[in-house]
Amino acid sequence: MGFEPPRRLVRSLAEKYGESPAAAWLGQLSEATGEAVARRGLDVERLVAPGGRSALLLLVRQPDGSPATLKVAPGFAGPGPERAALACWHGWGAVRLLDDTAAPDGALLLERLHPEISLRSLPEAKALLEAADTVRKLWVEPPAGHAFETVAERTARQAEPLRASSGNEPFAPLVSAALAARDELCADASAGRAVLLHGAFRQGKVLAGDRAPWLAVGPEPLVGERAYDLARLARDRVEDLVASDAGASSARRRLNRLADSLDLDRERLRGWTLFRAVESGVRAWRAERRQSAELLLEYAGWL
């Protein structure tokens with residue numbers, strides 16, 4: 001089947017996983033998608049655009065005519081862990097996995113949600129309230145013998161390019177602060193029990209559904225402390241915060257409200273939010289997405 005991959009997908013894959021792996025996968029995407037559709041006997045309605053940042057999304061009909069979404073992701077984006085997490089949640093707070101057995105192509109057949117309606121369509125206060133209610137449902141005991149990455153493992157991998165910085169960049173002090181925060185958090189045993197985390201949770205990852213009002217999608221699952229999972233949500237709508245005269249104080253109030261609403265330690269949430277904002281900002285800077293980088297690094301400086 002022929003189609004043009006959404007530009008956001010092309011850009012995001014190259015930035016996150018490297019241009020060569022991304023180009024190789026995109027080069028065979030049309031053929032692989034056609035095979036995944038045929039294997040399941042699906043009828044394609046349309047491509048979702050701008051879609052996701054790590055997978056191609058298609059709205060499809062199953063052989064019985066019922067609606068679904070087919071998610072086609074490269075192996076290096078981790079569809080295996082996503083499948084395992086969705087199976088663990090079994091539709092509780094998250095999109096439901098419709099095919100119980102993994103196919104060789106790694107594609108995921110998911111219940112149909114409303115991709116055009118996310119929590120970002122709500123006023124901020126309401127969106128944060130619904131987000132907190134949704135993410136709370138996802139924090140369950142990880143299955144025995146799981147193979148999910150831990151927070152310590154993932155952040156150690158993300159910290160490597162930060163530690164390799166020359167020290168001459170304008171954001172060098174923020175990098176040092178973020179790395180120190182990450183090291184302290186990982187060394188401190190006061191985080192509480194480890195639970196299954198979404199890993200990429202934010203307002204745009206919670207979509208309207210029919211079975212439930214709001215359901216999480218697109219996890220990058222890992223196991224660890226709950227504060228890590230709120231760190232991306234804390235900086236949602238960062239462009240609005242930066243544009244506000246009271247941006248710094250508003251950002252800190254939001255962070256404290258999130259921590260209090262879910263009974264988390266404010267300082268642990270602040271530390272993980274700092275690390276994740278700096279890591280994302282530096283990655284954006286090196287990908288020459290300067291506007292995004294400046295927003296993220298200014299936000300990080302407020303923390």
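**Reading helix packing and burial**

Me: H6 passes H7 in a left-handed crossing. By what are two packed helices described?

Reply: Two packed helices are described by the angle between their axes and the distance between those axes. Keep in mind that this is a predicted model. Here, H6 covers residues 151–163 and H7 covers residues 172–187. The two helices pack at an angle of about 155°, and their axes are 11 Å apart.

Me: Are H6 and H7 roughly parallel or roughly antiparallel to each other?

Reply: An angle over 145 degrees counts as roughly antiparallel. H6 and H7 are therefore roughly antiparallel to each other. On the H6 side, the contact is made by Ala 152, Thr 155, Ala 156, Ala 159, Leu 162 and Arg 163. H7 contributes Val 175, Leu 179, Arg 182, Asp 183 and Cys 186.

Me: How many residues of the contact of H6 with H7 are nonpolar, polar and charged?

Reply: Seven are nonpolar, one is polar and three are charged.

Me: Which residues in H7 meet which residues in H11?

Reply: From H7 come Leu 174, Val 175, Ala 177, Ala 178, Leu 179, Ala 181, Arg 182, Leu 185 and Cys 186. They meet Arg 268, Gly 271, Trp 272, Leu 274, Phe 275, Val 278 and Val 282 in H11. By class, this contact has 13 nonpolar residues, one polar and two charged.

Me: Where does Thr 273 lie, and is this residue buried or exposed?

Reply: Buried means a relative accessible area under 20%. Thr 273 has a value of 0%, so Thr 273 is buried. Thr 273 lies in helix H11, residues 266–286. Leaving aside neighbours within four places in sequence, Thr 273 is in contact with Ala 231, Ala 234, Leu 255, Tyr 299 and Leu 303.

Me: Is Leu 297 buried or exposed?

Reply: Leu 297 has a relative accessible area of 10% and is therefore buried. Leu 297 lies in helix H12, residues 290–302. With neighbours within four places set aside, its contacts are Phe 171, Leu 174, Val 278, Gly 281 and Val 282.

Me: How far apart in space are Trp 285 and Leu 297?

Reply: Sequence and space are read separately. Trp 285 and Leu 297 are 12 residues apart in sequence and 9.5 Å apart in space, C-alpha to C-alpha. Leu 297 and Ser 121 are 176 residues apart in sequence and 25 Å apart in space, again C-alpha to C-alpha. Trp 285 lies in helix H11. Apart from neighbours within four places in sequence, Trp 285 is in contact with Pro 170, Phe 171, Arg 290, Ala 293 and Glu 294.

Me: How many helices and strands does the protein have, and why is it as compact as a globular protein of that length?

Reply: The secondary structure comes to 12 helices and nine strands. The radius of gyration is 19 Å, close to the 19 Å that the globule rule gives for 303 residues, so the protein is as compact as a globular protein of that length. Its C-alpha atoms fill a box of roughly 55 × 40 × 40 Å along the principal axes. Buried residues make up 50% of the 303 residues.

Terms used. Residues numbered from 1 in each chain as written. Predicted model: local features only at pLDDT ≥ 70, side-chain atom pairs only at ≥ 80, totals over all residues. Heavy atoms only, no water. Axes fitted to C-alpha atoms, helices over the stretch in contact; angles between N-to-C directions. Helix = DSSP H or I, 4+ residues; strand = E, 2+ residues; numbered from the N terminus. Parallel < 35°, antiparallel > 145°, perpendicular 65-115°, else oblique. Left-handed = near helix turned anticlockwise from the far one by under 90°. Contact = heavy atoms within 4.5 Å. Nonpolar A, V, L, I, M, F, W, Y, C, P; charged D, E, K, R; others polar. Rg over C-alpha atoms; globule rule 2.2 N^0.38 Å. Buried < 20%, exposed > 50% of the residue type's maximum accessible area, 1.4 Å probe, protein only.
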